[in-house]
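Q: I have a structure open and would like to learn how to read it. Could you take me through it feature by feature?

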Amino acid sequence: EGDAVEDDLELSRGVVTAGKVRDEEKPRRGGKNVSGAQKKKRKWEKRMKELEEQDEEEARKWLRLKLEGEEKPRRVKASRVVHYHDHDSAGALFAGGSSSS
């Protein structure tokens with residue numbers, strides 16, 4: 001009977017109930033403990049950085065040009081700037097504005 005009691009104790013030590021989980025069986029999850037305010041701040045900082053990059057990119061799309069016949073320089077989108085070269089008349093078409101043929 002003494003052996004049976006010891007066997008029961010061995011079994012009871014090895015039994016895992018719902019409230020007890022062995023460390024070897026369930027690895028602990030890593031990561032940083034971050035509060036909600038810290039998460040919001042990081043998200044806001046990330047969004048501000050993205051907006052700054054977009055603003056810089058948008059600024060590169062615009063040129064400040066002084067057009068013929070106008071006094072003040074204008075901002076013109078770079079995609080609208082076109083350069084023409086008239087190979088037939090060696091550029092005389094666009095050279096002086098009005099030229100007689």
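Predicted model: local features only at pLDDT ≥ 70, side-chain atom pairs only at ≥ 80, totals over all residues.

Q: Where is R80 found?
A: R80 sits in the loop between strand 2 (74-77) and helix 3 (92-95). Its C-alpha atom is separated by 9.6 Å from that of W62, a residue 18 positions apart along the chain.

Q: How many helices and strands does the protein chain have?
A: Helices (H or I, at least four residues) and strands (E, at least two) are DSSP runs, numbered from the N terminus. Here the protein chain has three helices and two strands, in the order α-α-β-β-α along the sequence.

Q: What share of the protein chain counts as buried?
A: Of its 101 residues, 3% are buried. The protein chain exposes about 10500 Å², and carbon and sulfur atoms supply 49% of that area. Such areas come from the Shrake-Rupley method with a 1.4 Å probe; for residues, only the protein chains shown count as cover.

Q: What do the contacts in the protein chain show?
A: Contact means heavy atoms within 4.5 Å. Among contacts between residues at least 6 apart in sequence, 0% join residues at least 24 apart.

Q: How many salt bridges are there?
A: A salt bridge is a side-chain nitrogen of Lys or Arg within 4 Å of a carboxyl oxygen of Asp or Glu. By that rule there are three. One of them pairs E70 with R74, with the closest N and O atoms 2.9 Å apart. E70 is partly exposed because its relative accessibility is 29%, and R74 is partly exposed too, at 45%.

Q: Which residue forms a salt bridge with R47?
A: That is E50, with the closest N and O atoms 3.7 Å apart. Both residues lie in helix 2, three residues apart, which is about one turn of the helix. R47 has 42% relative accessibility, so R47 is partly exposed; E50, at 31%, is partly exposed as well.

Q: Which side chain meets E58 in a salt bridge?
A: The side chain of K61 does, at 3.8 Å from N to O. E58 is partly exposed at 34%, and K61 is partly exposed at 35%.

Q: Which residues form the negative surface patch?
A: Patches are made of residues with over 30% relative accessible area and no salt bridge, like charges being joined within 9 Å. Asp and Glu count as negative. In this model, E52, E53, D55 and E56 form the negative patch. Take E53 as an example: E53 lies in helix 2 (residues 36-60) and is partly exposed because its relative accessibility is 45%.

Methods:
Residues numbered from 1 in each chain as written. Heavy atoms only, no water. Patch = residues over 30% accessible without salt bridge, like charges linked within 9 Å, V, L, I, M, F, W, Y side chains within 5 Å. Charge placed at Lys NZ, Arg CZ, Asp CG, Glu CD. Buried < 20%, exposed > 50% of the residue type's maximum accessible area, 1.4 Å probe, protein only.
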